[in-house]
Amino acid sequence: MSDLLVRPRRLRFNPRLRDLVAEARLDPRMFVMPHFVLRKPGEVQEIDAMPGIRREGVDALAKTIEADIALGIRSVLLFGVPDDSEPKHGDGRASYGEDALVPQAVASLKRRFGNDLVIMTDVCLCAYTDHGHCGVIEAGRVANDPSLEHLARMAVAHAAAGADVVAPSDMMDGRVLAIREALDDAGLVDTPIMSYSCKYASGYYGPFREAAHSAPQFGDRKSYQMDSRNKREAVLEAQLDIEEGADILMVKPGLAYLDVLAEIRAGFDQPLAVYNVSGEYSMVKAAALRGWIDERTVTMENLHAFRRAGADIIITYHARQALAEGWL
Ligand code: PBG
Ligand code: ZN
C-alpha cells in the first residue's frame, strides 16, 4: 500500500485524459499569418532564411490566402516589399503615395475576401526609407516627432484602402495617438489599432530584414526599440499605448520575452498579441531540417507557451504548416 494520496501522474497516462485536463488550448482563429507582398501581381519569391515562407504578388497571395482560409486561418498581417526599381526616400513617403503597394494589395484582397478575412497591416517606414530606419533622420538621429506625420499618413492610407486593423511597429513615442487622431480626422473612427506596444531591439528579426529588405543602412534600432534588459519599461509602453487609444497590445519577440507577455497579461485587460518572429521560426526550421529537433513537437511547445503565458492572438509563420499537418 502506498501512502501517496496526491499523484499528479494519474492524469498523464491516457492521452485523451491529458487533452481533457489541458490548461492551454490553441484555436486556429487566434492565429495571424504574416505575408510579404510584392509589387508584381503574379510574382513569387522564396526567402532563403525562412524555409516555407515566400514573398508574393497580390494575385499569388490571394490564392495562398484562399487555401489558408480553408485551413482556418482568418487573419493576415501584411508587409510591403517594394521592387528594387522603386524609389525610396528619406521620409518613406512611397508607403502612402498615389500607387502605394500595401494600400493597393489591401483593396484587392478586400474586394476578393470581404469580411471573410481580417486584414492587418504593418505600419512602419523602414521598407520605404532610403536609410532603412523606421523614422526620419535629423542630425544623424532617428527623429521622433517628425516621423509621426508619415506614420499617420501610412496608417490612413491602409485603413482607407480597407485594412481591418493597422499595426504600428516603429516604436516612436506618441505614434498611437498620432495615428488615432489621423484616422479619426479621416473619418476612419472604426479602424482599430494593434500597437506593437512592447517591441524589443532584437537579433531575432534577422531573417525578416532579409525577407523585407528593411535592414538599416547604418547603426541599429536601439534608439527606438526597447532594451532587452527591461520589463518595467514594457508596462509603461503598454500603459502609454492604451492611453493613446490602442485597441490591442503586443509583445515582440515571443520566446525570449514570455515573462513580459505574462506581465502585460496580468496588468491589462485589452486583447494581447504575441509576435513569434522570424528568427524564432528560422531557428526551429534550421534545426529541424538537420534532424536535430522534432519540428512538430518543438513548434507546438512554443505555440502552447504563448497561450499559457497569456496571448490571445498569435502572429506566427508556423500557422499554415501547423494546421495543414493537423498539429493542433
Ligand atoms: C518593421 C518590422 C520588423 C518586424 C516586424 N515589423 C523588423 C524590425 O523592426 O527590424 C520583425 C518581424 C519578424 O522578425 O518576423 N519595423
Ligand atoms: Zn520599421
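1. Helices and strands here are DSSP runs, numbered from the N terminus. On that basis Ala49 sits in the loop between strand E2 (44-46) and strand E3 (54-57). The model is predicted.

2. Ala49 is partly exposed, at a relative accessible area of 25%. Leaving aside residues up to four places away in sequence, Ala49 touches Pro207, Glu210 and Ser282. Leu236 is another matter: Ala49 and Leu236 are 187 residues apart in sequence and 34 Å apart in space, C-alpha to C-alpha.

3. For reference, the ideal angle for four tetrahedral donors is 109.5 degrees. Cys124 is buried at 4% relative accessibility. Cys126 is buried too, at 11%.

4. Salt bridges come to a count of 19. One of them joins Arg175 to Asp170, with the closest N and O atoms 3.4 Å apart. Buried or exposed, Arg175? Its relative accessible area is 2%, so Arg175 is buried. Asp170 is buried as well, with 0% relative accessibility.

5. Arg180 and Asp184 also pair, at 2.9 Å from N to O. Both belong to helix H5 (residues 175-185); they are four residues apart, so about one helical turn separates them. Arg180 has a relative accessible area of 12% and is buried, whereas Asp184 is partly exposed at 34%.

6. Glu263 and Lys231 form a salt bridge of 3.7 Å, N to O. Glu263 lies in helix H8 (residues 258-267) and Lys231 in the loop between helix H6 (206-212) and helix H7 (232-243), so this pair ties together parts 32 residues apart in sequence. Glu263 is partly exposed, with 35% relative accessibility. Lys231 is partly exposed at 32%.

7. Salt bridges also link Lys40, Glu43 and Asp83 in a network.

8. Now the surface. Leu11, Leu20 and Val21 make up a nonpolar patch there, with about 280 Å² of accessible area together. Val21 belongs to helix H1 (residues 15-21). Val21 is partly exposed, its relative accessible area being 39%. Patch residues need over 30% relative accessible area, so Val21 at 39% clears that cut-off.

Key. Residues numbered from 1 in each chain as written. Chains lettered and ligands numbered in written order. Predicted model: local features only at pLDDT ≥ 70, side-chain atom pairs only at ≥ 80, totals over all residues. Heavy atoms only, no water. Patch = residues over 30% accessible without salt bridge, like charges linked within 9 Å, V, L, I, M, F, W, Y side chains within 5 Å. Areas by Shrake-Rupley, 256 points an atom, 1.4 Å probe, with all protein chains shown as cover. Salt bridge = Lys/Arg side-chain N within 4 Å of Asp/Glu carboxyl O. Helix = DSSP H or I, 4+ residues; strand = E, 2+ residues; numbered from the N terminus. Buried < 20%, exposed > 50% of the residue type's maximum accessible area, 1.4 Å probe, protein only. Contact = heavy atoms within 4.5 Å.
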